[in-house]
Amino acid sequence: MSDVEKRSASRDSSKEANHVETFDGLPPDPDAHLSQEERDKIDAKLIRKLDWILIPWLCILYLLAFLDRTNIGNAKVANLPQDLHLRLPDQYNETLTIFFISYSLFEPLTNVLLKKLRPSVFIPIIMVLWGASMTGMGFVYNYSGIMAARWFLGLAEAGLFPGVNYYLSCWYRRSEFGVRAAIFFSAAALSGSFGGLLAAAIELMNGIGGRPGWAWIFILEGLLTVVFGFASFWMVHDFPDQARFLSEEDRIRVVRRLKLDQQSSAEHEEWKMSYLIAGLKDWKMWLGMVIYMGCDMPLYAFSLFLPSIIQELGWSTTTVRAQLLSVPPYAAAALLTVVVGFVADRTRQRGLCNIVISLVGIAGFLMLLASTDPRVKYAGTFLGALGIYPCISNTITWMANNTEGVYKRGVVLGFVIGWGNLNGIVSSNIYFSPPRYLEGHSVMIAYMTLFLFGGSLLMTLLLRLENKKRRQGKRDYRIEGKSAAEIEALGDGKPDFMYTV
């Protein structure tokens, strides 16, 4: 065992032995008098409680968010461009692009606002705002109106995905976070399935109230979001040290679990510019941005254009059938997303998971690019979805696992997710040559090969190299002459902090 590992083991054992440390170190253990078996049962019961109270509601919120941002793809095949007299493909693609501009500009700020305003206030407010924007899209009559509505939709939605990932990372250990993030993100894939079914049903309301079917898609789904937004004032909970659904002892247990996992996520920190600077100086953030753009751009392109791609397969495909045929690929992707989250948590090989899964997606888009057989191309949409969706949650979890410090993690996740969503501008402007969409499929393959596959491979190699140096004691100089508080402030720069590879 290296000196660093010995010191780490000594610190952890001394913490467990000393149950009277202050909150700045480790809070007193409420279960110190119990046997290990009894402590394990209490811990398992606590995790089940967190899972049932936190995860289901957050999944519903993200399902609604992804439904609202991508249902314009369903509206397109329900004659939205014709009714609004949009010039295809330019003006339709611009309505997609403007969402990602406002979304990306606001997103890096959202985690700081989440921390300052509290989740139980911030998340419900943005939900009501984006639900109102979505409802308004059902009453537009021209290009200018839908552009304005999409701008405000992106502005309001920007805080949910990075905010919830950051929020969950403040509740769970690093080895537990991945599968929870995967379950949360699987709601995006389920929204594709649910969205296709819902759009097919709502479209039948065409003409009611003098509004076309696509308008009712926006109106009803927007009103649903507003309802859930108001309910979220009671259903979304704050961070562990303020959560009202936990007893005082359970709050201490959550904080202790995080501290012993080398996380300070449950503690109070005041915002300082040094946290922003620390994030900007961290090479992992910049490489994480590259990896995330390699899966996030394909995610949005796939979600926005799948109904159109299916409609152009060459079958005698009605609008409703195109909506329904988009359901199975999303369902398969949702299942694999959860499986990959579980496997990555158990193996701690997040980079390897990204590398393998990205190859599946690349194969799928090669099938779409090279074949003219509708059956082969439809199979390609399955592989494409399977290769994209699991990598989103896995990459975010990977970045959260390897970034320590409350505000620094918030900054890093904000930049990574914000940059990925800025690439939604690309996704909005590559599918414009039906029925084969050669340019679109080619760009998808390039992104997934260079950025997702290549970036994940490079990140894995660099993290393995850094861990090796830390085990060899080559980073011990960072803590020489420093107090315990100064060492704690190093976050993921501490010599005994081992990266998840």
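## Largest cavity

Thirteen residues, given as 13 in the count, line the largest cavity, and Thr70, Asn74, Gly192, Ser303 and Tyr330 lie nearest its centre. A cavity is here a set of points, on a 1 Å grid over the protein atoms alone, where a 1.4 Å probe fits but cannot get out; lining residues have an atom within 4 Å of a point. The largest cavity holds about 90 Å³ of space, and three cavities reach 30 Å³ or more. Each volume is the space filled by probe spheres set on the points, with grid points joined across faces, edges and corners.

## Basis of the values

The model is predicted: local features need pLDDT of at least 70, side-chain atom pairs count only at pLDDT 80 or more, and totals for chains, interfaces and linings use all residues. Residues are numbered from 1 along each chain as its sequence is written, and side-chain values use heavy atoms, without hydrogens and water.

## Composition of the lining

Helices α2, α8 (174-202) and α12 (283-311) each supply at least two residues of this lining; the largest share, five residues, comes from α2. Helices are DSSP runs (H or I, at least four residues), numbered from the N terminus.

The lining of the largest cavity comprises four nonpolar, nine polar and no charged residues. Asp, Glu, Lys and Arg count as charged; Ala, Val, Leu, Ile, Met, Phe, Trp, Tyr, Cys and Pro as nonpolar; the others, Gly among them, as polar.

## Leu54 in α2

Helix α2 (residues 36-77) also contains Leu54, which is buried at a relative accessible area of 3% (buried: under 20%, 1.4 Å probe, protein chains only). Beyond residues up to four places away in sequence, Leu54 touches Tyr167, Trp171, Tyr172, His237 and Phe245, a contact being heavy atoms within 4.5 Å.

Methods:
Buried means under 20% relative accessible area, exposed over 50%, partly exposed in between (1.4 Å probe, protein chains only). On a 1 Å grid over the protein atoms alone, a cavity is a set of points where a 1.4 Å probe fits but cannot get out, and a pocket is an open set with protein on both sides within 12 Å along at least five of seven lines; lining residues have an atom within 4 Å of a point.
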